[in-house]
Every structure is written in C-alpha cells, then in structure tokens.
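This briefing covers domain layout, chain contact, strand pairing and helix packing. The sequence and structure come first, and the notes by topic follow.

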Amino acid sequence: MAVDPISLEVFKNMFISVSEEMGVALLRTAYSPNIKERRDFSCAIFDPAGQMVAQAAHQPVHLGAMPASVQAALDTFPGALRPGDMVILNDPYLGGTHLPDITLVAPVFVERDGAKELVGFVSNRGHHADVGGMTPGSLPLSTELYQEGLILPPVKLARGGRLNQEVVQLICRNSRTPEERRGDLAAQIASIRVGERRLQEVVERYGAADTLEHMAALLDYSERVTRQAIAHIPDGVYRVVDYMDDDGLTEEPVPIAVAITIDGDRMTIDFTGTSPQRPGCINAPQAVTVSASLYMVRCVVGDAAPANQGCLRPVSIITPRGTLVNPEPQRGVAGGNVETSQRITDVLLTAMAQALPELIPAASQGTMNNLLIGGHDLERNRPFVYYETIGGGMGARPGKDGISGIHTHMTNTMNTPIEALEFAFPLRLKRYALRRGSGGDGQHRGGDGLVRDVEFLSPARVTILSERRKFHPPGFHGGHHGHPGENVLLKGGYEEVHLAGKETLDVAAGDVLSIRTPGGGGWGRPEDKE
Amino acid sequence: MTGNSGTSGTVVGIDVGGTFTDIAVLQDGRLTVHKLPSTPANPSEGVQRGIAEIDAGPAEYVHGSTVATNALLEGKGGRTALVTTLGFEDVLEIGRQSRSDLYDLNLERAPALAPWELRFGLPERVDYTGAILEDLTPQAIETLAALLQTAQVDGVAVSFLFSFLNPLHEERLLAALRRLPNPPFISISSQVIPEFREYERTSTVVVNSYVGPIMARYLAELEQSLGRGLRIMQSSGGSITARLAAEQPVRTILSGPAGGVVGAFHTGAQAGYPDIITLDMGGTSTDVSLCPGRIKETTSATLGGYPISVPMIEIHTVGAGGGSIARVDSGGALVVGPESAGADPGPACYGKGEAITVTDANLVLGRLRPAQFLGGRLALDKARAEAIIAGLAGQIGAGIQETALGIIRVVNANMERAIRTISLERGYDPRRFTLVPFGGAGPMHSCELAQELGIPRVLLPTHPGILSALGVAIADVVKDYSRTVMLRGGDIDRARLEEEFHGMEGQAREELGREGLPVERMTARRFLDVRYVGQSFELTIDYPALSRRADLRRSIANSFYQAHLQRFGYADRAEAVEIVNLRLKLELAMEKPSIEPQPLGPADASPALLEQAEVVFREGALPTALYQREGLVPGNRIEGPALILQLDTTIVAPPGWGGAVDPLGNLILEPLSERL
C-alpha cells in the first residue's frame, strides 16, 4: 500500500488511538490521586529510530520531552533492547525533566520470517507524588540535583518480559509513600503492555512495511503542516526578554531572552542572552525548553496535525550550554519543568505576538503554583504527601476575554476534588474561589486567578514553588497587566505572614495557607471596549 | 394507575427526533409503527397530533423527550441560582480547572448555568465523617430567602460540601425555601445525587434546576391532554412517571439515544444475539454503545460541557455522520468531519451547499439511490455531487470514485475509533459481538465497518428507523437511588450494609407508592461501587446475595477483582478494597412484544428484487442486485454485492458478505469466507 491522503488519515487515527488507549489504561489503573484525579501523565508512540509519531493529548510539558527519554534509552542500550524489555528513567540529564516524572520506554517487536523485527517504541510518563529528597513531594528548593530525590539513569525494569522487582523495591524504598509508588508503577507497566499489544495489532493488520512507511509519512505530514503555517508568519526577527521573579535562593531577577527568526518556512528560536544557570532549582533541562518550543509551534499551527517530531523539523532551537535553558548536569531542576517552562512559553508567545498580533493572547498566569504538603497524618496514623498545582487567569485573547481559574500553557492537570482531598489527607479547604478583579482590564479582560485556602489538621512541611509573585503577567496592546499572585500563611488561622514565591516551611495544625494565583493580562486598551 | 400493570393493555412509545416523530404501538403483543414530521417549535403539538392520528384507544404513553436536552444545549433553561457552602460559590465555574484542548488559544469554557451574581454562599460546614462543624442558622436562611425573592429566579440548586453524608442542612434549606410565596423550582444535591466529588455533583443539580422549570411546564401540558398514564424515558434506559421526571429532569437528558439502545438490545436478544454493539449513525454524529449481554450504564457523562453524574446508558458519540464534511487539510490528508453540513444547506446533492459530505460520496458510489431516498420525497442531485467531488479529487490527485471511496474509508475509520474506545479500551473483544446498526446512515456503513474491526456479524432489524420508539415503548419502569458511604476494612459488615440498603429501599418504595406504581411487584436490585482503597475510579458490582457461610468482605473483594480483571486486564488480589457508593434500582418489568417467529420460506429472494445497477465498492464498479426490504421474507438469502432498500434506510451488503432473513424478520449478514 502506498501512502495516499486517505491512508494517511486512517493511520493517523490509528496511532493516536493507540496512545490514547495507553492513557486510558494508565489513568484507570493508577493509584495516586496525582495521576488519577489530576491526570499528571502522558503517553506517546515512536518509530524504530525513536522519533515521536503520535501522542495522546495529555500534558504539553511532558510530550515535547519524551523523545529525549526514548533517545536516552537507545543510547544507553545500543542494539541491546530486546522483545519484552522495558527501560525506566527519570534522570533530567539523561532523558528526564525533573525527578518525580518517571518515564517508561519499551521497544515493540513483531515476528517476521522467524526473526523479531523492531517496529517502534511506546512510552509513558507519570508524575510520582514523592521520590524522596529534601522535602515531601520531591520538588525542593535545592541547590543540586542530588537533593531532589532518587535519580534513575536509564535501567532495565524488565528483561525479556520478566519484571525486575528489585528495581521496583529500590524506587519504593526511596519514597515517603512507597505503596502509592508501587501502584502507579504497576499502572505504567500495564499501560506499556497495552500500547505494545495494540501497535503489534496494527502491524498484524497492515504489515510492518506499511506501518513503518506511514510512521514516516506522518512525520512528513506534520512537517508540511508546520512549514505552511510558518510560511504565513511575516519574515523578521522578533526579540523579547522577560524575567522570572528569582531562583528561590536570592532576590535576583532571572532573565529569559529569545530571538525568533522567521525566514520563509523556517523558524529559528535562539535563547542567547538568557541568564546563566542558577544555583537555585529553576534550571530547565534542554528537553523542557524543547517542549515549550514545540508547544508554541503547535499553538501557532492551526490545523490538527499530530504533535510529533515532524513539527520540529523546520525549527532550529539554540540553547547555549550552561544557561537556564540548558544547564550543566547536577544543577537543581525541580522547578525548571513546572515554573521555568511557563516563562519560556511566555517569552516565545510574546515574541510571536509581534508577528501575529491578531492571534496571540496576552500573558497568562505564567506559573503552575506548585503546592507540596507532607507529614504524618495523626488522625489516620500514616505518612502522607499531597501535590497540587493551581490554575489562574488566562490572558485576554484578541476578540475575547481570558478564562478565569484555569490551567494554561504547559500544564493541564485537574484539581483534586475537595471532598476527595478531605477523605484522603489531614487537610480542610476553607475557600476555593475566583480571585475577582485580578485579571488585567482591557478591551478584552484577562481571566481572574484563584484563591485556595487550606487548613492543616496535622503538622506538616510545606513547599511552594510559584512565580509571578513580583513581576505581573503583562497585558498586550494597551491592556492592563494581571495582578501578581500572593502566598500568605495565616498562623493559627488569623495572623498573616506573607511568604515568598518559593518557600519551604513547617506549619502547625490550625494554620491556614492561602495561595492567591495571578490574573491574566488584558488585551487592547480598556477605552476601546465595546 | 391501574393500566400500569406491566403485563397487558396498550403501550405507545413516542420518540421525538429533529425531523421525524416516531410512534411504536404495542397492542396484544403486536407492534405497529408510525412516522410523522416533528414540530420543533412546540414538540408537544406533534406528539398530540400523532397520538390523535393513531387513535390507539386507552393506553399508556411512554415518551422519549428531548425537551431537557435541547434546553441545555441551546442555553434556553431558566434563570438559575446556586447555593453552596460559603467560600465555594465558584466551584461550579472553576470546574476541574483544566482546558478541553491543549493548543487552542481561542478556547471557550461553557458558561456557568448559574451566573456569579446568582451564586450564594451560606456559612455552614460538614466534614468528611458527616459531622457538623458549623451550623446553618435560621438567620442565614432568612437572608438568603430575601435575596432569592429579589433575584426573581426560576430555579434554585443547593449543593453543600459533604451533604451526601449529612443532608440535614440541605433539607433544612429546602423546607424553608418551599415556604416562600411562589416558590421557584428547587433541587438539592443530597436528593438528586447523594455522591461525593463536589463539582460533578453541583453541576448535576444545577442542570436539574436549569432545565426543571421548562420540563415541568412541558410535561404538565402533555399530561393534561394524555391523562395520567404518561411515563418518560430516562437516560438510564428505564422509564419513570411524568411527575418524577419533572422533579429530576436531569435523569432524562439523554433519553433519545437511550431508547435506541434498549430497542436494539431487545431485538438482538430476541434473535439470539445478546452481545451487541449498537451503531446509530445520523446526520452529524454517530452514537455507539456496547451491550455485553446487558445494557451498560455509567454515571460519568458530560453534555454540552456540563458533567452529569446520574445513571446513563454508556453511549459514546463521535462527530461522524452522513452530513460530515470532507476536505483536504494543509498537510495533504483527507479529513472527514467533525464539521457537518447539517440539514441546511445540507450535502452538495441537496442542491444548495458546496460542502462535500459522506452522503454525497454514498450517492456518487451508487450506494444511495436518489429515487428511494426518504421515499423519494427529497430529490438528490447526483451530477452536482460528482461535480463538486471532482474538485476534491483534483486536490488529492485521484479519480472521483476513488475519492468517494476514500471519504467512506476515512469516516469509517472515525467510527472504528469510537467502537475501539467502547470495546478494546474497556476490555471487550469486538470479534465476539454482533453489530446492530440503525438510524438513517448506519446500515450503509455497517458491513465495511464490521470488516475493519473483525466483527463477524451484522444484524439489520426489520425497522431500523423506529428502534428508538420501540425501545421507549418496552422500557422497564426504573428508579435509581444511590448513596456515598465510603466504607473500608472492619466497617464493611453485613448488618451495616443491610441497614443502609433497607433504609434506601423503604424510602424508595414509599416514594414510588405515592406515584401509584405497584411497588409490591417491583423488584429491587442492589449494587456496590467498589475501588481499591484510595483509588479514584469505582467499578460497580452486584451486592452479594445473603448467604450464611460466605464472608461478605471476601465475596465483595472477589467480585471486584473479577470486574477489575475484565476491565483492566489485571487484578491485585492482595490489595484492600473500599465501598464508595451503594446503588439501588427499583424495577417494574414491562411486557416485551413477542413477535411470532415465521416459518422459513425459500432461499430465493428474487421476488423482492427490484433491479440490477452498478455500485462502486473497493473492488471496483460491480453489477449489484437491488432488493426491496419489505418484499423479503424469512429464509430469503442475499449475497453481496447487494443493496436492500427500505423507506428510511439503505443496507449495503458489499462483495464477500451475505446472509438471510431470520424468522423474526431481521436480516443477518456475515462474511462469506474467513477472508476477514
């Protein structure tokens, strides 16, 4: 069968459906609220060379980075990945992004003429609520990677279909919540097995040659769609600098600079001028920077091409070594994936807004408001770790207001239902509401942020990783900026203590933590409102 | 309600669709069917006219109503207020804080059905054990009542945190608001769905209050003209008295598609095929549902962006239908849908629109016969369809017929994905099922679709067009009850569960007794929603029957492990489980029409043969036999390539497929060889 417009569409459907089915299997069998309720996981399939062909629409920050995981597995075991093998990793400098994100990669083989033929890879990534390290939740205010938890370079979790239980035990022993880890890993393994089987079925149905040919064709297809979209962007060089509040150790603002060059159907993204790597934990491994770039490209490309590596072929990304967007090994990265990625996206979109003012929204909240709480639950007499990211204001769009209280850009995790949270943890919600008026005014208003007030029923250690506490999300074209966020501790429920954007603290039962997330920027001048 | 015996009398099923209102009359075990145009502006008008036309005498009427559905989808519900625990007024708007599309910068969120100025927080709090932390005071209620009076609302929804564990505050507020002069339509979450997860529960009760006033008006009007024997189809596939439906209209919101599944399941089971996949292909979308020997239900559905957590038949919808538009995207792939040409301007062959649709492709391939389409009432312009497809063919560098075949293949791939979602993703192998297509377009695509999925058999009911009306007529009377209990370990004990169920059942029988239903003949079925401790997806299992020896906890765990194995392919038998919800169904079985099996006639179908014509298949243009469905009798054999024409649909039997009419009048098509 040759590739034609019809078979292309049929295979596109099929590959996406395989990765979606992996996601369903993972979601339904996972153990932790973080994966099940919040859906902090992703799944994708790859060609035999390790190129990502299709993904299920899960978390943008994972998907652009997963090709690096498959590549790391291939590099670590050159020619030594066999049927039934499964590689596990989380090393941010060897295919990972930050330590809680544990990735599984498995080669998929089919039988042909008595020999086993490699037809691709399946991979999934789940955010594990705790993998050890300095503070519960494993996203600490660290100064080096070793403080952040268990580091897994690519190792074989299974050989020839036999699971290496020792690896599972090693991981569980390094977590504050071992039972949860065991359950989530089992779910990831089950999901990999589903993906493997489904990809084999595609090959049984259409043959290996056709399947491989269509994998290649889909990469070409996404490349064509992307090139066409880039060709519609006016040629030029678009430069932007924006700042992160700080790295959590000092007060120093951290610049991220980008110059995007559009030249016909090619795009060059150059991060030269960005801050050197920081002593604090906000360094973003290169895979994270690539994820943010893929996300931006995918937003600018209107048509629903699969987000695969073909989208990146017309794009060159320059990330100078030793900078915030491509740090040297062993630097702390806990916040790179969750916070720096949001600011990278902000500068990328702000640069594109110069070229495409009628398409790009004003800045959204620009943070994920990571909240990690751990300790010993006195009432249920067991250890607990709770992780949540909190939505905020979406920037106003050309033509319409931004949405309030929603996750934007690099994350799309759900909230933990209040009733589920109180059943599971020694916490009580006092308030969960829109933060009215926090969105920037404009011809179109930025969305409002959120307020989430949590009361502690047991003593606990809290880590907050948040941004846009000093520098506001900018409005565009005369729109007002959104309000920065605030983190406030109400000691004993009333005595206000203002906290930094990035902070670790011990709290007592009866204390209330109030996270108030940033609003989105406005678009256009308020006086132009209809 | 003496006529509601469940064993005799006349039952009339009425299904109101966008274009047609279908009526199925069951009298002395015989089924007759009627079709007449709908009156979308005032649906009750068409219903009343239809009933006058059939003149069935004294009868019970069962109605599949889209009034609530349309009010929700078109944003035409009442002015609705929401009352919550203070500090949580915005939960309805925030939802789960996620967005429906990752990359769409122009994304919209469905507007909150209770706008912020109509959302009120009251000081009160219950904790996760059901203990009251803060009392709801009379002063707070008074203040709220005054605000609601000024706000002039049609409906009020109440949803307090953990009200499913302790409904006291919600009930106290309900009683107070009912005493208001001209009270609005009020619903409280502990009565609509006493289950945990505040957003989904709140959304459900708000939808209920939003569509409630409209539904109540509509049903009152209808009941006035039809008398007391009116029942309404629910999304769960059971029917309920009009009065109860008016109280909880949210339970009827997907009643249309539910009727079709009930009708198809009944037809399949009678023919000896209890394991079916239904395929209801309409103009803009296709509904599929998998019935593994029973009709499957879910309690997590979303309509128009609004979660609705009441029991519903598990139906998956995909944006692929006869009106789906085909185009070449910027990367050069041929895509079909989800955009649809709808009924106006409609497919190119209707003579107005320029968009190429699946219907145009079927016409160009000769699979749709212009003269027979809707009995010839709507002229189809084949030349126009060909001319417009030629443009698309030029774009992809293929011939006209090749392009039309491609459109069919792509739309089939979309439907295939939908069927994979409900089968393989849920642990069911489609190769063990029978495909039952209905709706206008389903029978045209079913054999090719079955072939792609390895489904070994397609069952074409005698009247694919009125399956929904039939399903509505034969639906059992069912009322669902649920309660979140959250029990684990030593808390799971027989006495406690018996007491809970006993209490639920007592309340249920009392409520239904007040409706005049013969509760003494209604059976109660008990279920448990169970999950691994701390997990957040529950599986519903049967409540283990009373037995002296069996250890209750072990038998619950075993049923759960089995269900888990089926659903997910594995089960950890060492892991502890917990009971989340208790579910109770009170049912009154209704009479099903027992169609007399006919003796098999000759295999020769030639008396029904209309003509030979050229029809295009993947194998090329082939001389194809055209049969009239009404002329076929049991025993007649058909061999593909063939088309079987009937008033509201056309059945395509491709080359390599064939089969016979069974004694009940169903046409059963199967692949002729193991060529699958």
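Two strands are taken to pair if DSSP finds at least two bridges between them. In this predicted model, that criterion applies to strand 6 of chain A, where A:A158 is the bridge partner of A:M86.

**Strands of chain A**
- Strand 3 (residues 86-89) and strand 6 (residues 155-159) of chain A are antiparallel and share three bridges.
- Strand 6 of chain A also runs antiparallel to strand 7 (residues 162-163) of chain A, with two bridges joining them.
- A:A158 takes part in both pairings: A:M86 has A:A158 as its bridge partner in strand 6 of chain A, and A:A158 has A:L163 as its bridge partner in strand 7 of chain A.
- Strands 6 and 7 of chain A form a hairpin with two residues between the strands, and A:G160 there has a positive phi near 50°.

**Helix 1 and helix 6 of chain A**
- The axes of helix 1 (residues 5-29) and helix 6 (residues 178-206) of chain A come within 8 Å, crossing at roughly 155°.
- Angles over 145 degrees count as roughly antiparallel, so helix 1 of chain A and helix 6 of chain A are roughly antiparallel to each other.
- Their crossing is right-handed.
- Helix 1 of chain A contributes residues including A:M14, A:V18, A:M22 and A:L26, which meet a set in helix 6 of chain A that includes A:A187, A:A190, A:V194 and A:L199.
- By class, this contact of helix 1 with helix 6 of chain A has eleven nonpolar, four polar and two charged residues.

**Domains of chain A**
- Chain A is divided into domain 1 (5-222) and domain 2 (361-530).
- The centres of domain 1 and domain 2 of chain A, taken over C-alpha atoms, are 31 Å apart.
- Domain 1 of chain A gives 19 residues to the contact, and domain 2 of chain A gives 22 residues.
- On the domain 1 side, helix 2 (33-36) and helix 3 (60-63) of chain A each supply at least two residues.
- That side of domain 1 of chain A has eight nonpolar, five polar and six charged residues.

**Chain B against chain A**
- The contact between the chains involves 50 residues of chain B and 54 residues of chain A.
- Helix 3 (91-94), helix 7 (198-226), strand 21 (334-340) and helix 12 (400-422) of chain B each supply at least two residues of the side that touches chain A.
- Helix 12 of chain B gives the most to that side, with seven residues.
- The side of chain B that touches chain A has 23 nonpolar, 13 polar and 14 charged residues.

Terms used:
Residues are numbered from 1 along each chain as its sequence is written. Chains are lettered from A and ligands numbered from 1 in the order in which they are written. This is a predicted model: local features need pLDDT of at least 70, side-chain atom pairs count only at pLDDT 80 or more; totals for chains, interfaces and linings use all residues. Domain bounds come from an automatic or database domain assignment. Two residues are in contact if their C-beta atoms, placed from the backbone, lie within 7 Å. Helices (H or I, at least four residues) and strands (E, at least two) are DSSP runs, numbered from the N terminus. Ala, Val, Leu, Ile, Met, Phe, Trp, Tyr, Cys and Pro count as nonpolar, Asp, Glu, Lys and Arg as charged, and the others, Gly among them, as polar. Axes are lines fitted to C-alpha atoms, for helices over the stretch in contact, and angles run from 0 to 180 degrees between N-to-C directions. Angles under 35 degrees count as roughly parallel, over 145 as roughly antiparallel, 65 to 115 as roughly perpendicular and the rest as oblique. A crossing is left-handed if the near helix is turned anticlockwise from the far one by less than a right angle, and right-handed if clockwise.
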